[in-house]
Amino acid sequence: MSKITSQSLYELKNVSQPLAVDEAVFYLETRIDKESNSYKTSLWRLDLKNQDRTLWLSEDYNPTAIEVSPNQKYLSFLSSFKGEKAQLYLIPLTGGGAFALTDEKQGVTSYLWTANSASLYYQTSHKEEEDQKAGSTWPQPTKINRLQHKADGVGLLPEDLTYQVKQVAVASQEVSTVLEKDQAFNLQYVAQDESYLLYVDRLDPDDEWVYGASVYEYNIAQKKARLVTGDYPKGSFYFEAVNSDETAFLLSGNDFSHAFVSLENLYLWDRESQEVTNVSVEDKMVGDTIVGDFQQKISGFPVKWVSDQDFIYPVTDHGKTVLYQGNVQGQNEKVLDEKIHLTGGDPVKANQLVVTYSTLNQPSRLALVDLNSREITDLYNPNQAFEADHTFADIDSFYYTGADNDQVQGWYVKPLESSDNHPAVVYIHGGPQVNYGESFFHEVQYLAGAGYGVVMLNPHGGNSYGQEFVATILGDYGNKDYEDVMLGTDYVLDQYPNIDPDRLFVAGGSYGGFMTNWVVGHTHRFKAAVTQRSISNWISFYGTSDVGAFFVEFQLQADLSRPEDLWRMSPLAYASQSTTPLLVLHGQEDLRCPQEQGEQMYIAMKKAGVDTKLVLYPDSSHGLSRQGLPNLRIERLEEIKAWFDHYAGL
């Protein structure tokens, strides 16, 4: 049996976006191609009667956002065919070739079918051509007027775009413009009679300092929009699903009662009465907050109506995806509670779902779920051969007493070759409003195969444990969350005495990078550390991150008028106290935690006389470890292992 290595990324595949159509399931399968240094996605059809699989679209199409027309005549999808900008395509369900419906210079970002299947509404944008001197190739200045002028993974946001909703007829392929705005918004629903649209826009489009977004109803004939969630002057809301007679609309969102960390709930909007009512289970996070580094093109389990009165929806609870069935009266019943991470789903028939899922030691599966028996039956495992030939780490789940004297969850990933006095890594997740969970994590399996135990903790500030738990670090970063990490480390060392306490390491990315920087400035117990896409200085972060102003004000509850408070919570303020060797990894196109954050920590550690190293990754945004260029993902993994090996004496 083989160990999981960094190169295993090239062998693993994941399935996503399952879609039930008659007696079949369509789904995406994604792999990483070493030769082209890219991600390759194909579309497959699986017959539910005989389990036969048929390739429906090749990797040339790189499809995503698959849907079926209401008349079940066409399968639609977005395709960046051979690297071009994404366009809207159709392929007949009876077979035949795929064809493009759009040819937009700026590409298509999303789309929706009309109820009669005669046309589709889609989103694109239009760029006004600038007058330039003929033949001039001189660089031009970038002129910025907006507060939110850049986005991680995108870059600087152009200010000369007009954002559009267009309609394209299936038969004639004629295109007409339905709605135009000078700022980005998200089309979410088209009425059955096409008299109105629902879209999401800023809560206050005229005040860019008002945080939040919400649902607007746009009357197409009158060309007028109105806010749906008028009773909620703060927060963010998004359309999820509507029943068949369009009387009850489900919205996900929050009332901003706890700022950035307000739990997402499910709300019922009665369009006739205009009332918006919370109908989800109390003190649970609706949606998916489980982090990982392996899945591609996952959509998460959706909110779906199963009748005109009942609906099914996902909750992240104690590191796993739990399904609830609710109704318009606000009653809720748990219908699935297993140690899994649901990454997609679609109803097949009453009380039966098709899902894609992952577990700690199962990278990705396509399966049927029976909600009566609550049984999960696998339909397809894209990694069957890989799993048969590779050894996966044993992983224990546990709870320990945290900083608030309550229970904090964690996992211990054991090294494949267990031995006395083996090294271990305390790995801190990002967010912090996310959580580790029952999902496959390639990096920790790689470290386990290299002889390291891995400690995965969900300290205060993380999600899936209720509102109080996630809100407890607001305005107080580096206190209870840090104490939780230390208490969890103590617990694991006590429970697993074969860990060598003198070869204990710490690592993390994003918020986990902040916490790693904080840890090395507050304790000397770790042999070495790796900080990735980190935060070191909240004062400069405020003005350089794409979310800096909002994040700092709502998370740390201070702004530039109180620099002493921001500095008190900045790891950079304590770097002079560190003696822990530190590896600093950062993407050069990271706009969420900009490169200057890692550079400041690197220089501070140099000044303190600590062994440190800075590695910068070109063409890499904040998501390098998850969706970055494959060769750089491999380089990053091997850089981390080499740093640990050096100080572990391996």
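**Strand pairing and helix packing around a mixed sheet**

In the predicted model, A424 has G453 as its bridge partner in strand β35. This pair belongs to the region in which β34, spanning residues 422–428, and β35, spanning residues 453–457, run parallel and are joined by five bridges. Helix α2, formed by residues 442–449, packs on the sheet and touches β32, β33 (407–413), β34 and β35, and the direction of α2 makes about 150° with that of β35. Helix α5, formed by residues 511–520, also packs on the sheet, where it touches β34, β36 (499–509), β37 (528–532) and β38 (582–587); the direction of this helix makes about 135° with that of β36.

The sheet itself is open and consists of eight strands in the order β32-β33-β35-β34-β36-β37-β38-β39, with mixed pairing. From one strand to the next, the twist averages 20°.

A further contact links α5 to helix α4, which comprises residues 480–495. The axes of the two helices come within 11 Å and cross at roughly 75°, and α4 is therefore roughly perpendicular to α5. In this contact, D481, Y482, V485 and M486 of α4 meet Y511, M515, W518 and V519 of α5. The residues of the contact between α4 and α5 comprise seven nonpolar and one charged, with no polar residue.

Note on methods: Residues numbered from 1 in each chain as written. Predicted model: local features only at pLDDT ≥ 70, side-chain atom pairs only at ≥ 80, totals over all residues. Heavy atoms only, no water. Pairing = 2+ DSSP bridges. Helix = DSSP H or I, 4+ residues; strand = E, 2+ residues; numbered from the N terminus. Axes fitted to C-alpha atoms, helices over the stretch in contact; angles between N-to-C directions. Contact = heavy atoms within 4.5 Å. Parallel < 35°, antiparallel > 145°, perpendicular 65-115°, else oblique. Nonpolar A, V, L, I, M, F, W, Y, C, P; charged D, E, K, R; others polar.
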